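Biologist: I would like to learn how to read a few local features of a structure, taking them one after another. Please give the general idea before each case.

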Amino acid sequence: MILFVRLVSILAAALFATATIFAQGQAQAPSKYPVTEADYVARDFKFKSGEQLPELRLHYRTLGKLTRDAQGRAANAVFILHGTGGSGQQFLQPQFAGELFGPGQLLDITRYFIILPDGIGHGKSSKPSDGMHAHFPAYDYDDMVAAQHLFLTEGLQIQHLRLIMGTSMGCMHSFVWAETYPDFADALMPMACLPVQIAGRNRVWRKMLMDAIRNDPAWNGGEYKEEPKEGLRTAEDLLVIVGSAPLVMQRTLPTRGASDKYVGDAEMRASTLDANDMLYQVNSSRNYDPSPQLEKITAPIMWINSADDFINPPELGIAEKESKRLRNGTFVLLPISELTHGHGTHTWAVAWQSYLKQLLDKTTH
């Protein structure tokens with residue numbers, strides 16, 4: 001049965017989250033959360049494009065200890081997937097880990113085995129800037145999910161997950177997971193996305209960003225000696241807008257001076273980016289579209305969006321329509337409030353953890 005939940009109160013927003021979807025949390029892990037980091041190397045990995053890498057490196061972090069049932073099947077593994085330009089590191093921030101991973105909390109690491117992968121092209125996993133530049137395989141979301149599945153099954157010997165959570169791009173990966181490997185997880189919690197082809201304004205800003213990089217004279221077909229700074233600056237400007245929330249930004253930047261300084265700081269933020277990596281990251285969404293097979297999804301889904309999300313605006317009505325096609329799905333639209341942070345609300349657990357509890361309780365065996 002489909003339950004569509006829409007909350008309608010409008011409150012003033014207070015805190016300013018990151019203004020871009022590319023800078024969501026590179027903070028160091030809090031010492032109270034013991035983290036293990038490692039790499040899984042997939043040999044002769046084949047991409048949908050027909051390209052192949054002799055070695056595809058997938059970096060990951062884990063917290064807690066894996067337990068197995070009497071049949072040897074993983075019983076407590078939770079897989080959390082990051083957004084475009086991010087990495088598993090972002091989930092170690094206080095607003096996420098501090099609300100979920102501690103004693104007695106919903107994903108207490110003494111009870112759950114938390115897996116935080118870096119997707120292809122992100123973090124410490126294989127990516128264009130490692131040396132192949134524009135000759136790196138043109139990966140897409142299907143490739144990224146296939147690599148994640150291989151890492152779990154071959155690398156960690158995990159054939160089943162208690163939960164898949166995904167934010168932004170990871171939200172979209174969650175829908176791909178649900179259709180490609182329908183029995184792999186007890187439950188899924190996608191946050192901040194829509195399960196349809198990326199079109200309209202969402203595609204327009206992505207195309208503008210990619211064109212800005214490619215049209216920079218320094219681009220040189222991806223074989224640049226120095227980063228194409230003008231293209232990256234334009235890309236960062238676009239990301240500031242799409243990752244922003246109007247009420248939050250108005251309160252945090254209440255004067256012309258503060259606003260102008262923030263714009264000026266974009267050049268510094270852009271200087272930390274690699275043009276090839278960014279181009280590949282954004283382009284990987286080009287053929288995403290799980291909508292034709294939504295009825296085939298059988299796993300329980302708790303799908304969360306926020307009303308102040310520029311990238312997935314509620315006025316499109318897409319979520320309301322598509323959620324009705326899920327056999328066992330709940331869609332929640334979080335109202336704008338002191339707890340929401342635009343698109344980045346997905347990383348602020350205090351805004352949605354009550355729905356995570358509902359999902360875990362519902363799917364407890």
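Modeller: Helices (H or I, at least four residues) and strands (E, at least two) are DSSP runs, numbered from the N terminus. This is a predicted model, in which local features need pLDDT of at least 70 and side-chain atom pairs count only at pLDDT 80 or more, while totals for chains, interfaces and linings use all residues. Residues are numbered from 1 along each chain as its sequence is written, and side-chain values use heavy atoms, with hydrogens and water left out.

Biologist: Where does histidine 133 lie, and what is its phi?

Modeller: Most residues other than glycine have a negative phi, and most peptide bonds are trans. Histidine 133, in the loop between β5 and α2, has a positive phi near 50°. Serine 168, found in the loop between β6 (163-167) and α3, likewise has a positive phi, near 60°.

Biologist: Is serine 168 buried or exposed?

Modeller: Buried means under 20% relative accessible area, exposed over 50% and partly exposed in between, with a 1.4 Å probe and protein chains only. Serine 168, at 6%, is therefore buried, whereas histidine 133 counts as partly exposed because its relative accessibility is 26%. Proline 94, in the loop between β4 and α1 (97-100), counts as exposed because its value is 55%.

Biologist: How do the axes of α4 and α5 cross?

Modeller: Two packed helices are described by the angle between their axes and the distance between the axes. Axes are lines fitted to C-alpha atoms, for helices over the stretch in contact, and angles run from 0 to 180 degrees between N-to-C directions. The axes of α4 (residues 200-214) and α5 (residues 229-242) come within 7 Å and cross at roughly 165°, so the two helices are roughly antiparallel (an angle over 145 degrees).

Biologist: Which residues of α4 meet α5?

Modeller: Trp205, Met208, Leu209, Ala212 and Ile213 in α4 meet residues of α5 including Leu232, Ala235 and Leu238.

Definitions and conventions: Parallel < 35°, antiparallel > 145°, perpendicular 65-115°, else oblique. Contact = heavy atoms within 4.5 Å.
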